[in-house]
Amino acid sequence: MENIKDPSSYRTPVLLQSEELIKYILETAIYPREPKPLKELRDATQNHPSYSFRSFIATSPDAGQLITILLKLLNPKKTIEVGVFTGYSLLLTALNIPDDGKITAIDIDRKAYEVGLPVIKKAAVEHKIDFIESPALPILDKLLEDPANEGTYEFAYIDADKENYVNYHERLIKLVKVGGLLVYDNVLWGGRVAWPEEEVPLHARSATQAIIEFNKRITQDSRVEFAFTSVGDGLSICRRIA
């Protein structure tokens with residue numbers, strides 16, 4: 001019998017099985033229920049000459065399906081998004097908050113956002129979005145300069161540079177109200193968080209270590225209760241309780 005305690009003996013078979021399972025989930029339960037605007041934006045990203053090779057960094061549709069349910073349960077009117085890319089998660093949020101809801105969306109690359117902007121406009125939700133082209137930390141710090149902003153956001157979604165996840169969390173935990181949600185994407189980082197360090201490619205080690213440290217911090221953070229999920233590339237769903 002195969003020794004499954006040895007990672008080298010099971011990583012490849014499990015990975016292949018996982019790819020088959022993910023395909024099954026997407027084709028059976030996700031794509032048939034994916035709203036048309038989200039599919040259009042996903043297709044626009046995958047077919048864009050400058051961004052198709054990075055389309056994998058967008059929020060996965062199966063993670064999006066879970067986030068949709070969370071948004072409908074929470075029904076937030078004031079949200080914030082750190083990391084936009086071409087806007088899949090941003091459009092998803094805009095489609096599922098009230099018509100008078102607002103999203104503060106922060107990203108360093110407006111050109112990427114503009115890939116999805118025609119779909120956002122077509123879906124008639126652009127009025128909900130305040131896009132800010134900037135690194136996120138200065139914007140979050142500026143928001144916190146005004147005490148009136150503390151505890152006023154109901155939902156935050158974070159899918160940006162992994163090295164700053166801890167820094168984003170320390171600021172967003174102050175901006176999101178008690179009872180609000182903070183959702184972090186890529187907390188499994190392609191499975192690398194469980195790999196021996198020497199097996200992680202050099203270019204991915206910094207982000208991998210950052211995610212490992214972030215996951216430890218969240219586990220120890222008494223200000224939140226959380227669910228660590230394996231949906232998509234891993235979502236950490238945090239509810240602020242203090």
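Let's start with Asn 186, which is buried, at a relative accessible area of 10%; buried here means under 20%, exposed means over 50%, and partly exposed is in between, with a 1.4 Å probe and protein chains only. Asn 186 sits in the loop between strand S5 (176–185) and helix H8 (205–220). For those who like definitions, helices (H or I, at least four residues) and strands (E, at least two) are DSSP runs, numbered from the N terminus. The phi of Asn 186 is near 70°, a positive value in a residue other than glycine.

A quick word on where this comes from. This is a predicted model, in which local features need pLDDT of at least 70 and side-chain atom pairs count only at pLDDT 80 or more, while totals for chains, interfaces and linings use all residues. Residues are numbered from 1 along each chain as its sequence is written, and side-chain values use heavy atoms, leaving out hydrogens and water.

Back to phi angles. Ala 124 is not a glycine either, and its phi is positive, about 60°. You'll find Ala 124 in the loop between helix H5 (110–122) and strand S3 (129–133).

Next, another asparagine. Asn 149 belongs to the loop between helix H6 (136–145) and strand S4 (153–158). Is Asn 149 buried or exposed? Asn 149 is buried, with 16% relative accessible area. Its side chain reaches the backbone oxygen of Leu 143 at 2.8 Å. Leaving aside residues up to four places away in sequence, Asn 149 touches Lys 78, Leu 143 and Leu 175, where contact means heavy atoms within 4.5 Å.

Now, charges. How many salt bridges does a search of the whole structure find? The search finds 11, a salt bridge being a side-chain nitrogen of Lys or Arg within 4 Å of a carboxyl oxygen of Asp or Glu.

One of them pairs Glu 34 with Arg 42, with the closest N and O atoms 2.6 Å apart. Glu 34 is buried at 11% relative accessibility, and Arg 42 is buried at 12%.

Then there is helix H2 (residues 36–46), where Lys 39 and Asp 43 lie four residues apart, about one turn of the helix. Their side chains form a salt bridge at 2.8 Å, N to O. Lys 39 is partly exposed at 40%, and Asp 43 is partly exposed at 25%.

Helix H8 holds Glu 213 and Arg 217, also four residues apart, and their salt bridge is 3.1 Å, N to O.

Last one, folks: Glu 170, Asp 221 and Arg 223 are linked in a network of salt bridges.

Terms used. Polar contact = N/O pair within 3.5 Å; in protein donor to acceptor, adjacent residues only side chain to side chain.
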